[in-house]
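My entries follow in the order in which I checked things.

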Amino acid sequence: MGFSTDAIHSGQPPDPSTGAVITPIFQTTTYCLEELGKDKGFVYSRSGNPTRSAWEKNIAVLEKGKYGLAFASGMSAIHAVSKLLKSGEHAIVSNDVYGGTYRLFNRVMTDYGLEFSYIDMSNLENLKAAIQSNTRLVFIESPTNPLLILTDIAGAVDICRERGILVSVDNTFMSPYFQNPLDLGADIVIHSSTKYLGGHSDVIGGVIVLNSDELHDKLKFIQNSVGAVPSPFDVWLLLRSTKTLAVRMERHNFNASEVANYLSRQKKIKKVIYLGLDSHPQNELAKKQMRGFGGMVTFEVESFEKAKDIMHRLKIFTLAESLGGVESLVCHPSTMTHASIPKEVREKYGLTDRLVRLSVGIEDVEDLINDLDSAIN
Ligand code: P1T
């Protein structure tokens, strides 16, 4: 089936008991047993809920995996993956990950004896050099947030597979519409479903998709034991949202490429980072492992004052954290989404306070460009 047919139908046939075409919100915590030891597949809603199961099946199909597991946030999904490591084990992480991921790893999980190394994952020689005898996981974010740096996912898998190292990919920025890391050999895909999957800035969530029975059993055990599960209403919103993922992503991609082209022509903009521009050093890799370039555009101006001035003047782009919704947002990563990364660490890899990040929405692109033009010039 095609992507949109799967998005609209997978995991959600009409409800067998009522014929409801839309999967109901099973707002229940518990389920009646027919007799001791005999249930209908559900016992208690932390362990499993029919609305959540429908969403987990739906996202598994879209991400080309066997299993989906839903979490209360992107961070709780990432936390669950980090729980695959034991004290004394080591993970290698993309330099430029979301600030909250860095914070979880460096300020929470290190207290439990986990070790993390951060590298420029765009060069796989760095990955080879960073592998230690206790390395168990390579945590890739591709493209990264907010510098849009790619990792050659299939290349990283080649290096890790022979050494028995797990590869997980945070695919939040591309969504399964534009990139499927499992098809490139990754073991685990993660999304903050708060972003493109949800698409309307009204639900916080996370998902993991994977193929391995063994890893699924471990992560399902962690999901149930830790209990960071989403509500039935939140997953119902996600089921509604993925039905339009394809049309939204096409429009995000179109609008973002128009915006990136416009910004590239402005003298006051020092640098534009967009994967679809020929000027992006990884444009060829982007074309190889992705089917589009997404809706995120990052640009640099001459000073923090200029960045602030532009952000304050914008009227349609709202100054706010997050991304991937139908409405356009503007964000200042160094003081907002990535403020939890120490200044000296982030400036070393180019995340300066002169950077501005746009989540380009699906409004009329002429209006977005006029808004930017008024603010910049
Ligand atoms: O916010 P939450 O649903 O917990 O997801 C965390 C997360 C994970 N991975 C990536 C790539 C992300 O961008 C995020 C959250 N990011 C933002 C809130 C932001 O504005 O960048």
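Helices (H or I, at least four residues) and strands (E, at least two) are DSSP runs numbered from the N terminus. The model is predicted, with local features needing pLDDT of at least 70, side-chain atom pairs counting only at pLDDT 80 or more, and totals for chains, interfaces and linings using all residues. Residues are numbered from 1 along each chain as its sequence is written, and side-chain values use heavy atoms, with hydrogens and water left out.

I looked up helix H2 (50-62) and found that eleven of its 13 residues are buried, among them Trp55, Ile59 and Leu62. For the cover, I took contact as heavy atoms within 4.5 Å, and the elements over these buried residues include H1, strand E1 (67-71) and helix H8 (213-226).

I then turned to the N-terminal end of H2, which Asn49 caps through a side-chain oxygen 2.9 Å from the backbone nitrogen of Thr51. Asn49 sits in the loop between H1 and H2 and is buried, because its relative accessible area is 3%. Not counting residues up to four places away in sequence, Asn49 touches Phe26, Thr28, Tyr31, Phe42 and Pro232.

Past the other end, I noted that H2 is followed by Lys64, whose phi is positive, near 60 degrees.

Last, I checked Tyr44, which lies in the loop between H1 and H2 and counts as partly exposed because its relative accessible area is 40%.

Key. Buried means under 20% relative accessible area, exposed over 50%, partly exposed in between (1.4 Å probe, protein chains only). A polar contact is a pair of N or O atoms within 3.5 Å; within protein, one must be able to donate a hydrogen and the other to accept it, and residues adjacent in sequence count only if both atoms are side-chain atoms.
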